[in-house]
Amino acid sequence: MNNLKSQSYKINRTDFEKRNQHRGFALWFVGLSGSGKSTLANGLQAKLFENGFNTIVLDGDNTRLGINKDLGFNDIDRNENIRRVAEISKLFIETGHIVINAFISPFEINRTLARNIISNEDFIDVYINSSIATCEKRDTKGLYKKARAGEVNDFTGISSPFEAPKKPDIEVRTDEQTPEESINYLFEQLKSKL
């Protein structure tokens, strides 16, 4: 570690944000499997893009198929999954991007770790809140059924706990709104932060 040195670049975050005409920050979508995180991340990214904002989505399934494919779902691997994603998010924020992270992030300690890496001023905790009953009805992958049958271990909400955010910056009730209503609600909530 003694031989490492942070590199400085000619173009810095302020330059990117000035060109983009918006600041970089991270939205951290938290919620159970099937709550709508990926659907809302995809829809919000499209809406932001249509309005001229530079965005990227980091999604739990996609990162676990790539950079985090060596990780499992035990507590240690879940922490490492979130740590890596937070570090990647921070790099994108430095280039003026709005980073939409869609991760179950089941434990408060995971979210605190991500917030500490990214920074309190650049981290927006978004609770994609849906009842477990609704999530099970939406279960397109059949994971809840497998978890209840004991075929999937460490499944959040069934065989592994989910610690709901106590005071999220934004809460979206996806069991009470359509995806379009939820996306519009999120966009309205973000206007003051852009």
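Start by selecting helix H4, residues 75-93, which lies across E1, E2 and E3 and runs at about 150 degrees to E1. Helices (H or I, at least four residues) and strands (E, at least two) are DSSP runs, numbered from the N terminus. Axes are lines fitted to C-alpha atoms, for helices over the stretch in contact, and angles run from 0 to 180 degrees between N-to-C directions. This is a predicted model, in which local features need pLDDT of at least 70, side-chain atom pairs count only at pLDDT 80 or more, and totals for chains, interfaces and linings use all residues. Residues are numbered from 1 along each chain as its sequence is written, and side-chain values use heavy atoms, with hydrogens and water left out.

Next, show the strands. An open sheet of 5 strands has the order E2-E3-E1-E4-E5, with parallel pairing (two strands pair if DSSP finds at least two bridges between them). At the edges are E2 (55-59) and E5 (170-173), each pairing on one side only. From one strand to the next, the twist averages 20 degrees.

Now select 37-50, helix H2. H2 packs on the sheet and touches E1, E2, E3 (98-102), E4 and E5 (contact means heavy atoms within 4.5 Å). The direction of H2 makes about 165 degrees with that of E3.

Finish at helix H8, residues 179-190.

Key
Expected span 1.5 Å × (residues − 1).
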